Amino acid sequence: MILSEPKASLEKDASTLYAYKKQLDASFVWGVSASAYQTEGAYNIDGKGPSIWDTFTNENKNKIKDRKNANIACDFYSRYEDDLKLMQSLGINHFRFSISWSRILPSGTGEINPAGIAFYDRLIDTCLRYGITPWVTLYHWDLPQALEKRGGWTNREVVNWFTGYVAICVKHFGDRVQHWMVMNEPMVFVGAGYFLGLHAPGRRGMKNFLPAIHHAVLSMCEGARAIKSIYPNATVGTTFSCSHIEPYRNIEKDHLAAYKVDALLNRMFIEPTLGMGYPIDTLKPLQNIHQYILPGDEYKMKYDFDFIGVQNYTREFVKHSWFTPYLNARLITAPNRKVPHTLMNWEVYPESIYHMIRKFDAYPGIKKILITENGAAFEDTHHESLISDHLRTTYLQDHIEQVLRARAEGSKVDGYFVWTWTDNFEWAEGYHPRFGLIYTDFKNQNRIVKESGLWYGSFIRE
Ligand code: BGC
């Protein structure tokens, strides 16, 4: 059998993608994304306090695949310089990462940990030394455990705790960081962490979900105001998860179910910030959120972000279901629909990202969109020192093409970040699904560039 032959036939025709790329000017941002808990490790080193993810993974082992945790993860805490050097060698010069709140403030409020500040100083300075622009997310799901003990996102005080933490970060790093994202995907950490109990801190039910939604919205907007009050010229965004939603069958009940799921997954967090309020007309069970909305909140829950980060991986099909409380809707998974999917069981459907850009772009008041995450987990194949992952390369090519198509049609999309830089800890899924452009050997922390990483580097350098 000739091993090289299928490769040629697997190569997709990327001429449209390259033609779109030629139309771009140099200001289009190409980068990679990662987060603190998923990569840093050093979970109890140099004065860091525990976060809800440290507690959740170490105390509720059965909630995580193979009972894993991110105590060590990619050891980015000590290997960041080599990782940045590798990034530079591929020609990637925008890096989105997050700050661990409990590394800066071990108890969430109060005393600052100087070693935590020093770590992010080193990281930011090293980025700049290698010509890499830092894009900093202030909250990627790792609330200090000390604050969870005080009610976490269900306690309205969290708005003050959060803005206090944001102000510390911005005062220390704002002289070198221009681009900030207040939060990563509030719908996911609130939904999975405070309604379904699948993510940290493992809480469930409407009594946790509703206050957590409202306090996350307030924190997102008040956090943004805190940044601007210190550095008025900072570029301030926040990121949203989203999926293109379709009814499973062309019948009224499924259309209604799809409409509700769209409100829940795609509209819940963006609409209040735009001054449109929560989508309560579509999602009646949300109406009890009113008890958490205090006079004056209608102003505090709005903010005119400089950009929004859109994070999309797939689309969802929705079917009516009597058995799902509140929503009467359920998702029909990709394996059940027998369509191509990733190791996360997410359908590979590149047009989804196009539809999501168009959808967000259509809201009045959105100034600019960046794709702050998109990527895929597939099985990687090792051929000696080469790691071939043509499915990931094709996934990226097809999705980037759709992003640039939306832009060519007039959408305000100005950048794209791959999720993710190195294989890392994938939350409740442990280490099995690998999303990286760089392979991480978790036994010895060696890094190997995958074919997708080589391709992405060459594509953006071109
Ligand atoms: C999150 C990442 C996560 C990725 C893949 C996003 O929801 O921001 O932390 O690893 O999707 O699941």
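Two strands pair if DSSP finds at least two bridges between them, and the strands and helices themselves are DSSP runs numbered from the N terminus, with at least two residues (E) for a strand and at least four (H or I) for a helix. With that in hand, strand 4 (residues 179–181) runs parallel to strand 5 and is joined to it by 3 bridges. Keep in mind that this is a predicted model, where local features need pLDDT of at least 70, side-chain atom pairs count only at pLDDT 80 or more, and totals for chains, interfaces and linings use all residues. Residues are numbered from 1 along each chain as its sequence is written, and side-chain values use heavy atoms, leaving out hydrogens and water.

- Ser241 has Gln311 of strand 6 as its bridge partner.

- Strand 1 (residues 29–33) pairs with strand 2 in the parallel sense over 2 bridges, and Ser33 has Arg96 in strand 2 as its bridge partner.
- Strand 3 (residues 133–137) also runs parallel to strand 2, joined to it by 5 bridges.
- Phe97 finds its bridge partner in strand 3, namely Val136.

**The ligand**

- The ligand has 13 residues around it, the closest being Gln38, Asn184, Glu185, Glu373 and Glu426 (a residue is near a molecule if one of its heavy atoms lies within 4 Å of it).
- Sorted by class, that shell holds 6 nonpolar, 4 polar and 3 charged residues; here Ala, Val, Leu, Ile, Met, Phe, Trp, Tyr, Cys and Pro count as nonpolar, Asp, Glu, Lys and Arg as charged, and the others, Gly among them, as polar.
- An N or O atom in the side chain of Glu426 is 2.6 Å from an oxygen atom of the ligand.
- For Asn184, the side-chain N or O atom is 2.8 Å from a ligand oxygen, and for Trp427 the distance is 2.9 Å.
- Taken alone, the ligand exposes 310 Å², and the protein buries 94% of that (accessible areas come from the Shrake-Rupley method with a 1.4 Å probe).

- Helix 4 (residues 52–59) has 6 of its 8 residues buried: Ile52, Trp53, Asp54, Thr55, Phe56 and Thr57.
- The cover over those buried residues includes helix 3 (36–39) and helix 8 (145–148).
- Tyr37 sits in helix 3 and counts as buried because its relative accessibility is 6%.
- Beyond residues up to four places away in sequence, Tyr37 touches several others, including Trp53, Asp54, Phe425 and Trp427 (contact means heavy atoms within 4.5 Å).
- The side chains of Tyr37 and Thr57 are joined by a polar contact of 3.1 Å (a pair of N or O atoms within 3.5 Å; within protein, one must be able to donate a hydrogen and the other to accept it, and residues adjacent in sequence count only if both atoms are side-chain atoms).

- Arg103 belongs to helix 6 (residues 101–104) and is buried because its relative accessibility is 1%.
- The Arg103 side chain reaches the backbone oxygen of Gly41 at 3.1 Å, and the contacts of Arg103 also include Tyr77, Asn113 and Phe119.
- Ile460 is part of helix 18 (residues 451–461); at 14% relative accessibility, Ile460 counts as buried.
- Leaving out residues up to four places away in sequence, Ile460 touches Lys21, Trp30, Gly91 and Ile92.
- Ser411 lies in the loop between helix 17 (390–408) and strand 11 (413–419), and Ser411 counts as buried because its relative accessibility is 5%.
- Setting aside neighbours within four places in sequence, Ser411 is in contact with Ile357, Arg358, Asp361 and Ala406.

How values were computed:
Buried < 20%, exposed > 50% of the residue type's maximum accessible area, 1.4 Å probe, protein only.
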